[in-house]
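Reader: I would like to go through this model with you step by step, beginning with a single position and then widening the view. Please state the criteria behind each term as it comes up.

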Amino acid sequence: MTFFFSEAPNSYKFQKILCNFLQKKKNWIKIPYKKNTIVHWCYNSSNSIIKSYPYYTIFTRKDLFFLNLRNTNINLPYTYLLTNGSWYPHRPIKKKTIWFFKHPYLDGSRGIMISKNVDKFISHSCKKPQHSFIIQENIPRIWLFNGRKCDIRLWGIIIGDKNRLNLCIFKKGTLRVNPNHYCELSDDLNFQLTNSSFFKKKISLNNLIYPFTDNIELYNLSFNKIIQQLTLFWKKIYPI
């Protein structure tokens, strides 16, 4: 595996910028939109192999993602699966913390609940026994951005030939920031979520989205460690 670091726009709209770029390039074509896939562009050449990833792969399902990574050296929060009231690999130990309940594939803050007691989640899992819900312990003493909880988004492109695949990571990324001062033991979604979709109806995106660049302290603390974790992940899932 090889990581290439190059400059990219630090806009939250980077995906749209990339699509606009591809439209102008020879041999790149747009794949007709399908609700059950996440790939919409491909290189139209006789040697290209394009996989359209449906919403039941390790890239799109939180439960499958966890199962594939749980026995690796990749850092994960304490994570459990809850399926129709049954726990895997075992029932979480009671402790003074916050627990997250996540739907296996819904995004945009949908299907997330928070509680100080995991027993609250059991009845919800029994209502939808076909799903394996993700239960995660809150990470203690997290890195903050100006006293607020945030998540980091780095943009990457997979390229390659017949012999290998390379993952290209752009140096500039995006911070999605919770608008409130962080309270570690709060069971209020308004203090725990960083999904801009959860807040954007009430708060301007200008107060939720920030560039992730080397001129902020959090970048210098975290960037190299993120790349180390991506390297481990790439070795685990390669080849795609």
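Reader: Where is the place of Ser186?

Author: This is a predicted model, in which local features need pLDDT of at least 70 and side-chain atom pairs count only at pLDDT 80 or more, while totals for chains, interfaces and linings use all residues. Residues are numbered from 1 along each chain as its sequence is written, and side-chain values use heavy atoms, with hydrogens and water left out. With helices (H or I, at least four residues) and strands (E, at least two) taken as DSSP runs numbered from the N terminus, Ser186 falls in the loop between S12 and helix H4 (189-192).

Reader: Is Ser186 buried or exposed?

Author: The relative accessible area of Ser186 is 12%. Since buried means under 20% relative accessible area, exposed over 50% and partly exposed in between (1.4 Å probe, protein chains only), Ser186 counts as buried.

Reader: Which residues does Ser186 touch, not counting those up to four places away in sequence?

Author: Contact here means heavy atoms within 4.5 Å. By that criterion, and with residues up to four places away in sequence not counted, Ser186 touches Ile98, Ile114, Phe191 and Gln192.

Reader: In the open sheet of three strands, what is the order, and why is one side of each edge strand left without a neighbour?

Author: Two strands pair if DSSP finds at least two bridges between them, and four bridges join S9 to strand S12 (residues 173-177), the two running antiparallel. Strand S9 (150-153) and strand S13 (209-212) stand at the edges and have a single partner strand each, so one side of each lacks a neighbour in the sheet. The pairing is antiparallel, and the order is S9-S12-S13.

Reader: Which residue in S12 does Ile152 stand opposite?

Author: S9 and S12 are joined by four bridges and run antiparallel. Ile152 has as its opposite residue in S12 Leu175.

Reader: What separates the C-alpha atoms of Phe170 and Trp155?

Author: Phe170 belongs to strand S11 (residues 165-170), and with a relative accessible area of 11% Phe170 is buried. Phe170 and Trp155 are 15 residues apart along the chain, and the separation of their C-alpha atoms is 5.8 Å.

Reader: For the protein chain as a whole, what share of contacts between residues at least 6 apart in sequence joins residues at least 24 apart?

Author: The chain has six helices and 13 strands, and buried residues make up 36% of its 240 residues. Among contacts between residues at least 6 apart in sequence, the share that joins residues at least 24 apart is 59%.
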